[in-house]
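Reader: Hi! Could you walk me through this one before I set anything up?
Author: Happy to, let's have a look together.

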Amino acid sequence: MRWGIVGIVFFVILLLLGGYIYVASANGSIEPVGRLGFIKLANPDMYPGHPHSELLAKYAEDRGSKCALVVHFGGSSNYRSYMEGDTYIIEMAFIDTQSLPGSHDQIQWWDSLKVAIFGIPDGRYKYKMDGKIFNSYDDAMAYVNKLAKQHNQKGPIPMVWHGTVSKGNVMLNQGCGYPLFFQIVTREYGIIPAYYYTIKGMLYPYFSLPYRNFELQHAAELQYYYNANMINYE
């Protein structure tokens, strides 16, 4: 009997959380999708005709969306937006002003814990899109929404984090762009929905990535090829 009551309470809590998440994100401008890939297949890694770019365009088309947003760790790229077929791909990268060593390839556990509990501190990140640097979150998102409007976006923009890992374990490390995904969901919908969409997003490629097995089985080889500049196609 006691375990039956515990089960009912647990079910009610899940129901309430589900309702809260649904209401919080029902009218948002961003649809959090999840992780796009595990490993870099070619460099540049988001470019018209690249497998991950074509996959993101398909995600958008399946949702009836004219645009899609992919978020990255900031690097040397200008993160220019471009057309992939009929879908406008908006690229957005964050620059971590704390410049934690190894943040691209190694998990900073203590920092990750603080972020998971308290969110991303205001002012920590700068943002890069189309060769422009934005100093605030609000300015960066205003630019994203401006691009989407110019390309006739209706409804929320599907958003993925790039997810590729150039060194180390590609399953444990959530890869390129995840912290920005977490920040955007937190800012748009709150910390509880951010936890939900993080878990959902982590699982997403295991069910939706068509070459999941190839990426996972050949991760070490592909990391070697990428780091040795052997898969450049510029």
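**Cysteines, fold and surface**

Author: Let's start with a cysteine: Cys-67 has a relative accessible area of 0%, so this residue counts as buried. Keep in mind that the model is predicted.

Reader: Thanks! And Cys-176, what is its relative accessibility?
Author: Cys-176 comes out at 10%. The cut-off for buried is under 20%, so Cys-176 is classed as buried.

Reader: How many disulfides does the structure hold?
Author: Zero disulfides are found in the structure.

Reader: Switching topic, how many helices and strands does the protein have?
Author: There are eight helices and seven strands.

Reader: And what share of the residues counts as buried?
Author: That would be 46% of the 234 residues.

Reader: What about contacts between residues 24 or more positions apart?
Author: Taking contacts in the protein with a separation of 6 or more, 71% come from residues 24 or more positions apart.

Reader: Where is Leu-203 found?
Author: Leu-203 belongs to helix α6, which covers residues 191-208.

Reader: And why is Leu-203 called partly exposed?
Author: Its relative accessible area is 46%. Partly exposed lies between the buried limit of under 20% and the exposed limit of over 50%, so Leu-203 falls in that class.

Note on methods:
Residues numbered from 1 in each chain as written. Predicted model: local features only at pLDDT ≥ 70, side-chain atom pairs only at ≥ 80, totals over all residues. Heavy atoms only, no water. Disulfide = S-S within 2.5 Å. Buried < 20%, exposed > 50% of the residue type's maximum accessible area, 1.4 Å probe, protein only. Helix = DSSP H or I, 4+ residues; strand = E, 2+ residues; numbered from the N terminus. Contact = heavy atoms within 4.5 Å.
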